[in-house]
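Notebook open, structure loaded. I'm jotting down what I looked up, charged pairs to begin with.

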Amino acid sequence: MAKVISTLFISADGVAEIDPDWHFPYFDENMGRAVTEDYDAADVLLIGRETYDSFAGAWPEREAAGGDDAPFAKQLGDMRKVVASRQPLEFSWRNSELINGDLLDAVTTLKADAGVRGILIPGSISVVQQLLAAGLVDELRLLVHPVAARKGRKLFDDGDVAYHLRLVTSEAFPTGVLRVIYAPGTAPTPVGYDEIKDQVPAGN
């Protein structure tokens, strides 16, 4: 069963809609290593239309230019790219295909495909939100920036049910960025104040 992994750059107040002004100043070799590990864990990219348009508008040209980022651009081009869109798309980037039918059904089929090692969702907030609600995300890999963005779309939308998470691993970078990897967790046993009052500081 292939893992579905969401990888996101995110602010301390939960904004996952990237603003270059607060993102790029924190991008260093540690973040580059983390991103490399995320992409190496998968052989399929699952992305929404806006993310596809952004990637397809930049990475093929960078691959052709042959600069320092050309090897990563080639890796992206070589990967299978599955795009979720409610509108027809004309693909200009190789190895790209449109999901036919329901997103949740398509992802369930991908997860069960013996030929798929891992499914990576870079960005694509709406896709991640739908898959979280359906219980189809196996890992949330977050690079939490030390900034409160205060505007922009957040990862977690309003809902009636809490998402309980289990911390898999965490790492602090010298820039103040935290890399945290969560998997789905179980809800803790309900407790009230009476059960925790012996843990309250006694004071001086």
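Predicted model: local features only at pLDDT ≥ 70, side-chain atom pairs only at ≥ 80, totals over all residues.

**Charged pairs**

I looked up Arg-141 and found it buried, with a relative accessible area of 12% (buried is under 20%, exposed over 50%, partly exposed in between, with a 1.4 Å probe and protein chains only). Residues are numbered from 1 along each chain as its sequence is written, and side-chain values use heavy atoms, leaving out hydrogens and water.

What does Arg-141 form a salt bridge with? I get Asp-38, the closest N and O atoms being 2.8 Å apart; my cut-off is a side-chain nitrogen of Lys or Arg within 4 Å of a carboxyl oxygen of Asp or Glu. Arg-141 sits in strand E6 and Asp-38 in helix H2, so this pair ties together parts 103 residues apart in sequence. (Helices, H or I with at least four residues, and strands, E with at least two, are DSSP runs numbered from the N terminus.) Asp-38 is buried too, at 2% relative accessibility.

Next I checked Glu-37, which is partly exposed at 36%. Arg-179 forms a salt bridge with Glu-37, with 2.6 Å between the closest N and O atoms. That pair links distant parts of the chain, Arg-179 being in strand E8 (residues 178-184) and Glu-37 in helix H2, 142 residues apart. Arg-179 is buried, at 8% relative accessibility.

Glu-37 also meets Arg-33 in a salt bridge (3.7 Å, N to O). These two are 4 residues apart in helix H2 (residues 29-40), so about one helical turn separates them.

I then followed shared partners: Lys-3, Arg-33, Glu-37, Asp-38, Glu-139, Arg-141, Glu-171 and Arg-179 are joined into one network. My count of salt bridges comes to 14.

**Nonpolar core**

I searched for nonpolar cores (buried Ala, Val, Leu, Ile, Met, Phe, Trp, Tyr and Cys joined through side-chain atoms within 4.5 Å). The largest has 29 residues, and Leu-103 is among those with the most contacts inside it. Helix H7 (125-133) is one of the elements giving two or more residues to this core, and H7 supplies the largest share, 5 residues. Leaving out residues up to four places away in sequence, Leu-103 touches Leu-46, Ala-84, Val-127, Gln-130 and Leu-131 (contact is heavy atoms within 4.5 Å).
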